[in-house]
Amino acid sequence: MNKIIMCITLVVCALLTNGQQKANYKLAERYKKHEIVGVSGNSMAIYPEFINDSDRFWYSFSDSNGKRYYYVDPAKKLKRLLFDNDELVAQISKETRKAYNSKDLSLQSIEFDKKERSFTFEFDGAKYRYTVKTGKVEKIDSLQPWSGRESWMKYSPDSLYILYCKNHNLYVMGNKDKGQDSTEVQLTFDAEKNFTFAKEMDDSDGEVETVAEWFKDSKKIYAVREDARKVKDLYLVNSLSQPRPTLKTYKYDMPGDKEISQSELLVIDVETKKITKFNIDRWQDQYFEVLYVSKDSERIYFERTNRAYNEKELCVINVLTGEVKVLVHEVDKPFMDFKMVSISFLNDGKDIVYRSERSGWGHYYLYDGEGNLKNEITSGDWVAGPICEIDTVGRALYFYALGKDENIDPYYYTLCRASLDKPNSVEQLTFDNVTHAVDWSKTFNYFIDTYQRVDLEPHVVLRNRHGKKIMDLEKADISRIKEMGWKAPERFKVKAADGVTDLYGVMWKPFDFDSTKHYPIISSVYPGPFYEYVPTQFDFIHGRNTQLAQLGFIVIAVGHRGGSPMRGKYYHTYGFGNLRDYPLADDKYAIEQLADCYPYIDATRVGIFGHSGGGFMATAAICTYPDFYKAAVSAAGNHDNYIYNKWFTETHNGATEEKKVVKDSVNGDRTEYTYKFRVNTNIDLAKNYKKGLLLVTGDMDDNVHPAHTYRMIDALIKAGKNFDMLVLPGQDHGFSGAAELFFERKLWAHFAKYLLGDSSADYKSSIEN
C-alpha cells in the first residue's frame, strides 16, 4: 500500500511539475529592452574618426563612468583622453552661465587643424576651439539657427541648382543662396500617379523628393521611372480613421501577374530640357538598377535581370550615343543571390570587382572596363562575404570570409585580404572564433577591430595591417546587467534531417535555470531563404527570446538548409520550389537532438513562433507536425504566397515561363511571355491542424496583406478547428506602441497556457505582475 501511495504521489508531482508550472512573468518583465537601468547608454562599439586622412583617430565611448573622448596614435601605441570632460565643461559654463553634465557630453562636428594643435567643435548652439597643449577652450562663433535644406531638395554637385518633384513631374530651380534665379522650371510634363518621378508613388501635390539624380557635371540628370499604372490594386481599410474609416489603395505586383511594374531610363539636359529615353530592354518584365555613373558624366553602368531572377547582365550605356554594351552576362540557376550581391567600380570603371556564385560558392572576380575577365580574386569551397574596403592604390581587396577556417563558426565574419591582380592570393587576418567588424585607416596600415559573439561582449582592439594586435581600446561594460542576474545564451551545433549537414543555433535559458527540472522548448524561427535567423552578435535581449525564456522555457534559434547564402549556393537554394516545407524537418530534428542531449528539455512540450516568413513557418510547422508542436504563435505570416509579392515568391519557388509570338504587321512581330505559378500554401494544411495556434495580423499591413491571415482563418473554420486569433488595429507589418506590448503579452500567455498548463495568466494579470 505504501508503495502504491508513493507511486501515486510521484505521478501527481510529475503532473504538477510538467503540466501546471507557473509562468514567471515577473522575471520576464525585468528584462525590457532599452529599460535596463545603467546599461542602455553604454557603448557596444566605437566609431573611429580618422584625423586629416592619417592613421591617427579619435572616438567616444560610454560605460558606467560616463562618456569620454579619446585620441589614438597607432604608430606611438598611444591612447589618451582627448580632453578632460570636467575642465572643458567648466570653461564652457563660464561663457554660457549654464550647467552641463560632464558624464554625458555630446560634441558635434569635431575637426582638427592640419598640425593637430587644436580642434573645433559645436556644442549648445556655439562653435568652440580647443587647444590641445593648454586645454584652453574659446568660443569662435554662435551658430545660426538651422535654415536647412528641406528633405525634398536634391542639390546639384556644384550647389547651384535644386531638383525636386511636384505633381509627379520633375522641376528644377536655382539656389538663391548661391545667387541663382530661384524661379522653378518644369522639366517633364507626362508624369502622373503610378508613373511618377516622386520617390514615393503616393500623390505629390507639393514638393517631394525625386528618384532622379544629378550627373557629376551638374548639367544633366538621370531617372529610373517605374510605370505601375497597369498593376492591379490592393486595398486596406483604416478602421481608426476619424470620423469614418478610410480606404487605402496601393499597387502590388503578385506572382504570375501579366501586368507588372516596368522601368525606363531617362536623361534630361537641364539647360535645353531635352529628354532622352534609352533602350535598356533585354527581357520582358526585367528588373533594372543603375549602379554607377562615370565622373565625366558620359557613362551609366546598370544591371538588368530577367523575371525568373536567374539571368542578368552588367551593362554600360554611352550617354552621348545611346549605345548599350554588355560587360558581364551571368546565368545562375535556380536563382541569383541578391542578399550578398556586390559590384564595385574602381578607377572610374576601368576595373570592376564582381561577385558571383558561378562556382557554387560566392567569390570575387576582376574584370576590366571592357568586360574582359582578368582573374579570380578569391576561390574555394567557402564564401567570400561582404567587402570591407578596397585599397585602389595598394590593389588589395579587404573582405569578410565565411566558412574559410574550419576552426571558426561559418556564420562569423573573418577578415581577409586578397590581391586584385594575383589570383587566389587570400591572406587571413583574424583567426579567433568570433565575428569581426573592422574600420581601416585611410593608409591601410591599421584597422580597428570589434569582435564579439552572443556569449562574448564586444571587445575593441587596434591591429596593424597584418592583423597583429597593437593595443586594447575598449570592452563593453556589462557589469550592471550581470548584477541583475543576466546570463549569456549558449551556442550549439546539431545535424540537419539529412544526418550530414551541420546546423548552428543559439539557446536561451531562464536565468533561474535548474538542470534538475524539465522545461518546454520553443523554436524562434525565420526561414529565409535570403537571411537566417541565427544571431552571431552580442545582445542583452535578442528580440523576444531572452524575455520569453524567463517565463520558464528553453528558447532556441537554429539555422536550416535553404536559409542563408552565407553557407554556399547549394545550402541556400535547397528550398527552391518548396517554399512552404523546406525548413520544417530540420527544425523538428534539431529539437529532437537537443532533447536527446539535454535531459532538462521536454520534447513532449514544443512550441514555435515567428513573424512574417517566421509566422508562415510557424503555422506550417504546427499543421505539418501537429503531434510534435503543441503551440505556435504566427504573426504577419504570408500563408498564401499566391498573393504575396511577385519577386520573392517567383524567385524562390519558381515560375514557368511560356512564350507566344504575337503577329504585328505594323510594328513587327513580338514575343510575349506569361508565367505559370504553383506553390504550396498553409491553407492546404488546415485539415491537419489539431490545437495550439495563435494567428496575428495588423489590419494595415501593406507588405503581407491581412488577407493571408484571414484566408488561413477561413480554412481552419471550414475544417472545424479551434484556434486563437488577434487583429491589431492600425498596425502595419511591424507592430509598435501599445499594440506591440499587447501582442507580446498575448504571446507569453499563449505559450504559458499550452506548454506550462498555466491558463490563469491572462493579459491583465501578466501586466500587473
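A cavity here is a set of points, on a 1 Å grid over the protein atoms alone, where a 1.4 Å probe fits but cannot get out; lining residues have an atom within 4 Å of a point. This is a predicted model, in which local features need pLDDT of at least 70 and side-chain atom pairs count only at pLDDT 80 or more, while totals for chains, interfaces and linings use all residues. Residues are numbered from 1 along each chain as its sequence is written, and side-chain values use heavy atoms, without hydrogens and water.

Start by selecting Lys312, Glu330, Asp332, Met336, Asp337, Met340, Val341, Arg355, Ser356 and Glu357, which line the largest cavity. Its volume is about 90 Å³, meaning the space filled by probe spheres set on the points, with grid points joined across faces, edges and corners.

Next, go to the second largest cavity, with about 40 Å³ of space. Its lining includes Phe335, His572, Tyr574 and His652, and has no charged residues, but six nonpolar and five polar.

Now select 435-440 and 469-475: these are S32 and S35, the edge strands of an open antiparallel sheet ordered S32-S33-S34-S35. Strands are DSSP runs of E, at least two residues long, numbered from the N terminus, and two pair if DSSP finds at least two bridges between them. Between S33 (446-453) and S34 (456-464) there are seven bridges; zoom in on threonine 450, whose partner in S34 is valine 460.

Conventions
1 Å grid on protein atoms, 1.4 Å probe; cavity = no way out; pocket = protein on both sides within 12 Å on 5 of 7 lines; lining within 4 Å. Nonpolar A, V, L, I, M, F, W, Y, C, P; charged D, E, K, R; others polar. Helix = DSSP H or I, 4+ residues; strand = E, 2+ residues; numbered from the N terminus.
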